[in-house]
Amino acid sequence: MSTRRIAAIDGAGRGTVIEEAIETPAPGQVRVRVEASLISPGTELGRVPAMREKPDVDAAPRTFGYANAGTVDAVGEGVGDLCQVGHRVACMGAGYALHADVAVVP
């Protein structure tokens, strides 16, 4: 697999999927094959009704997510023994722990 799929919301408040190349972990990061993800109805979807009432058709879809869990499949330099390939992890962090099938997190 050379691409990953990431959940996104378009300018009209509709869910969509973006595909992009899978990143190699930078120093201090790990790559996780996501097995579970939680979409928050308040924090992440709270703006959707307003977006649907006043759609911005020119707005690019935006990815979202801040909580997921899965198995580490690659580690960046400097991660050390704390987290290695095969470890099961829970991840948090807006912009990192995306609703995706693969995430790269610090």
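Which order do the four strands of the open sheet take? In this predicted model, where local features need pLDDT of at least 70, side-chain atom pairs count only at pLDDT 80 or more, and totals for chains, interfaces and linings use all residues, the order is 6-5-3-7, with antiparallel pairing. Residues are numbered from 1 along each chain as its sequence is written, and side-chain values use heavy atoms, with hydrogens and water left out. Strands here are DSSP runs of E with at least two residues, numbered from the N terminus, and two of them pair if DSSP finds at least two bridges between them.

At the edges of this sheet stand strand 6 (88–92) and strand 7 (102–105); each has a single partner strand, so one side of each is left without a neighbour in the sheet. From one strand to the next, the twist averages 45 degrees; the axes behind such angles are lines fitted to C-alpha atoms, and angles run from 0 to 180 degrees between N-to-C directions. Strand 5 (residues 67–75) runs antiparallel to strand 6, and five bridges join the two. Within this pairing, Ala67 stands opposite Met92 in strand 6.

Strand 1 (residues 3–9) and strand 2 are antiparallel and are joined by seven bridges. Strand 2 (residues 15–21) lies largely in the open, because the number buried among its seven residues is zero. Buried means under 20% relative accessible area, exposed over 50%, and partly exposed in between (1.4 Å probe, protein chains only).

Arg4 is found in strand 1 and, at 4% relative accessibility, counts as buried. This residue stands opposite Glu20 in strand 2, and the side chains of Arg4 and Glu20 make a polar contact (2.6 Å). A polar contact is a pair of N or O atoms within 3.5 Å; within protein, one must be able to donate a hydrogen and the other to accept it, and residues adjacent in sequence count only if both atoms are side-chain atoms. A polar atom of the Arg4 side chain also lies 2.9 Å from the backbone oxygen of Val102. Leaving aside neighbours within four places in sequence, Arg4 is in contact (heavy atoms within 4.5 Å) with residues including Ile18, Leu98, Asp101 and Ala103.

The largest nonpolar core has 11 residues, among them Val30, Val72, Cys91 and Ala103. Such a core is a set of buried Ala, Val, Leu, Ile, Met, Phe, Trp, Tyr and Cys residues joined through side-chain atoms within 4.5 Å. Strand 3, strand 6 and strand 7 are the elements that give two or more residues to this core, and strand 3 gives the most, with three. Apart from this core lies another, of five residues, including Ile9, Val48, Met51 and Phe64.

Ser37 lies in strand 3 (residues 30–37) and counts as partly exposed, at 39% relative accessibility. Not counting residues up to four places away in sequence, Ser37 touches Ala67, Asn68, Leu98 and His99. Its side chain makes a polar contact with the side chain of His99 (2.4 Å), while a polar atom of the Ser37 side chain lies 3.4 Å from the backbone oxygen of Ala67. The C-alpha atoms of Ser37 and Ala97 are separated by 8.6 Å, although these residues are 60 residues apart along the chain.
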